[in-house]
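Have the sequence and the 3D view open side by side.

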Amino acid sequence: MEENATASEKPIRQSASLCAGEQKYVNERKQVVLQALNSLKINCSADSVPHIAMLASGGGQRAAVGLVGSLYQMEKEGLLDTLLYVGGVSGSTWSMASLYSDPEWRSNIEGAVSRLSGPGVELEQALQWLGERAKEEHFSLTDVWGVLTSAGIMKQMDLRRLSDEASRNATNPYPIYCAIEKRCFSDGPVEGKWFEVSPHEAGFTELGLFVETSLLGSEFQSGELLEEKPEMDMVKLQGVLGCALAYEETIREFIPPWLNVPGYMDDSTQEYLRVYNALDKLIALTRSTVKDPISLSDFEKLQKMLKDRVNDNKSALLEFKTPEERKSIFQQWSKELLVAVDTWSQNLENGTFKTHVSLLTKQIIPLIIKWEWGTTNNFLYQYQDSSVPTCLRSEQRFHLVDAGLLINVAYPSFLGNKRDIDLIIAPEYSAGDMFETLTLARDYAADVKKPFPEIDDKILEERDWPKDCYVFEGKEKEPTIIFMPLFNRQNCKDAEEFKAKMEEFSTFQRPFSQEKIDFVLATAKANMKNNRETVIREINKAALRRQNKRSLALPFVLQSDCPMNESTCFPLPRCA
């Protein structure tokens with residue numbers, strides 16, 4: 001008993017099971033799920049409530065808006081309260097953060113819908129937040145990205161902390177937000193990549209190493225808490241979770257034709273385009289916080305000027321240059337882009353707008369040069385355990401970035417015994433290969449030896465014009481997955497229209513117009529409404545599977561012997 005008490009006091013928890021706070025919430029949430037199942041005429045007892053998770057893909061604003069539409073329709077169809085969990089990555093975490101800012105969002109989802117079309121946040125308010133963050137040790141582009149996506153896309157400055165939700169009742173599904181560690185993602189083992197954050201804990205999914213969410217960002221060494229730091233707010237967390245721009249490969253979203261030729265795309269070229277793309281995206285987001293026509297026109301002139309510079313064919317200047325000379329030339333061009341922005345801001349007409357823009361450029365330009373994202377104190381610094389990879393143990397800080405760079409759906413957090421999921425409802429808002437999230441998750445599951453349902457390769461041939469709903473059925477320990485592409489054969493007449501819709505609503509573009517917001521909302525709602533019967537059928541199957549699991553478990557452990565709530569008892573090997 002003394003050993004257990006000592007272990008419980010350690011700031012870092014090492015375990016493959018749920019923490020006490022999440023377990024308590026899930027147990028309470030199951031009572032809500034049970035009532036919802038009964039209202040759907042699904043026969044289910046208190047000890048066989050299926051574990052159902054809604055895992056929304058990333059996809060920028062398309063995903064953020066789409067998830068709100070999907071959940072809205074689930075509520076209208078009586079399906080929302082069947083969910084035990086909601087998990088998100090990238091853009092879907094933006095809407096999760098917005099939804100959960102309301103402790104009763106499940107009964108007030110219209111509020112989340114109306115917020116998407118609201119007046120937004122003034123640039124002055126965003127700059128005030130940014131000014132406070134600039135005083136902090138780990139100020140980075142993540143802060144800039146977080147405040148501009150919050151203000152410009154979600155139209156809300158959510159200053160609460162995620163750990164504030166730890167004391168809430170189980171009115172809403174339990175939220176899991178996902179990221180990856182950048183260094184391990186680039187050059188480390190799979191166990192060090194996936195990172196999850198909940199109201200109770202934050203940590204590495206496969207390593208089973210967690211700290212309380214309120215301690216994420218505090219200073220640790222050798223497993224001991226050295227100094228407690230303030231927890232990041234939801235504005236910054238949105239920047240961490242949705243910053244695909246932090247990864248250099250995203251510069252391929254725009255490559256001018258004169259550089260898009262064999263032999264030209266080296267490291268120097270990519271660094272130059274990285275600077276341009278960062279400026280372009282941040283300017284577009286800043287524009288969305290401004291209403292004045294003259295100011296909007298000034299931003300438009302700036303974007304055009306930068307694009308004209310990058311599109312200007314300078315290939316002749318690169319001919320017969322050594323790699324070192326090319327690097328020097330591209331570095332000079334990068335500086336010229338930044339100087340152009342600074343000069344533009346100084347030449348604006350005197351007034352409030354110029355003051356705000358000057359402050360913003362002074363903060364952003366040094367960060368773009370530094371190119372640092374998601375810097376956070378590393379709670380595994382010098383942690384004495386051989387399971388912790390060197391890429392984590394050796395560094396005082398790690399860098400948390402967009403999980404969509406690895407897998408654009410939060411599958412890793414919901415595979416295996418820990419959350420023991422029976423059914424995953426997966427609305428797919430991703431760009432690119434429509435089935436890539438599934439195949440990547442399948443490969444990931446194989447790497448970490450966790451069950452995943454079989455995917456028929458013939459289905460993958462439908463990627464260019466997918467159906468509106470697929471069911472990948474779990475046989476034993478695998479969860480069943482209901483996979484629902486946003487654009488599909490029901491709303492696109494052929495592959496050409498599907499491709500056109502994907503391009504029209506691409507991930508990296510300026511914030512959506514009201515017309516685009518309404519269209520994505522309506523499309524997501526229609527997908528869920530059209531597939532209601534499929535969802536109910538699979539929920540019913542999940543309840544039967546859970547009941548069968550329970551029946552098989554009973555010979556191994558008596559209820560009175562199980563230390564957990566009876567509705568979550570497992571066979572003895574899991575419960576011991």
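What follows starts with the cysteines, then turns to the rings and the charges over them.

A bit of bookkeeping: this is a predicted model, where local features need pLDDT of at least 70 and side-chain atom pairs count only at pLDDT 80 or more, while totals for chains, interfaces and linings use all residues. Residues are numbered from 1 along each chain as its sequence is written, and side-chain values use heavy atoms, with hydrogens and water left out.

How many disulfides are there? Taking a disulfide as a pair of cysteine sulfur atoms within 2.5 Å, the count is one. The bond runs between C184 and C391, with 2.1 Å from S to S, and at 85 degrees about the S-S bond the link is right-handed. C184 sits in helix 8 (residues 182-187) and C391 in helix 14 (residues 390-393), so the bond ties together parts that are 207 residues apart in sequence. Helices here are DSSP runs of H or I with at least four residues, strands are runs of E with at least two, and both are numbered from the N terminus.

Are those two cysteines buried or exposed? C184 is buried at 0% relative accessibility, and C391 is buried at 12%. (Buried means under 20% relative accessible area, exposed over 50%, and partly exposed in between, using a 1.4 Å probe and protein chains only.)

C469 is buried with a relative accessible area of 15%, and C492 is buried with 1%.

Now for the rings. Rings of Phe, Tyr and Trp (its six-membered ring) pair if their centres lie within 6.5 Å; planes under 30 degrees apart are stacked, over 60 edge-to-face, and the rest tilted. The whole structure holds 27 such aromatic pairs. One of them is W371 with W373, edge-to-face at 5.5 Å centre to centre and 75 degrees between the planes. W371 is buried at 8%, and W373 is buried at 3%.

Y470 and F483 have ring centres 6.4 Å apart and planes at 55 degrees, so that pair is tilted. Elsewhere, ring pairs join F195, F204, F220, F379 and F398 into a cluster.

Last, the charges. One counts as over a ring if NZ of Lys or CZ of Arg is within 6 Å of the ring centre and within 35 degrees of the ring normal. R133 lies over the face of W129 at 4.9 Å from the ring centre, and R489 lies over that of W465 at 4.6 Å.
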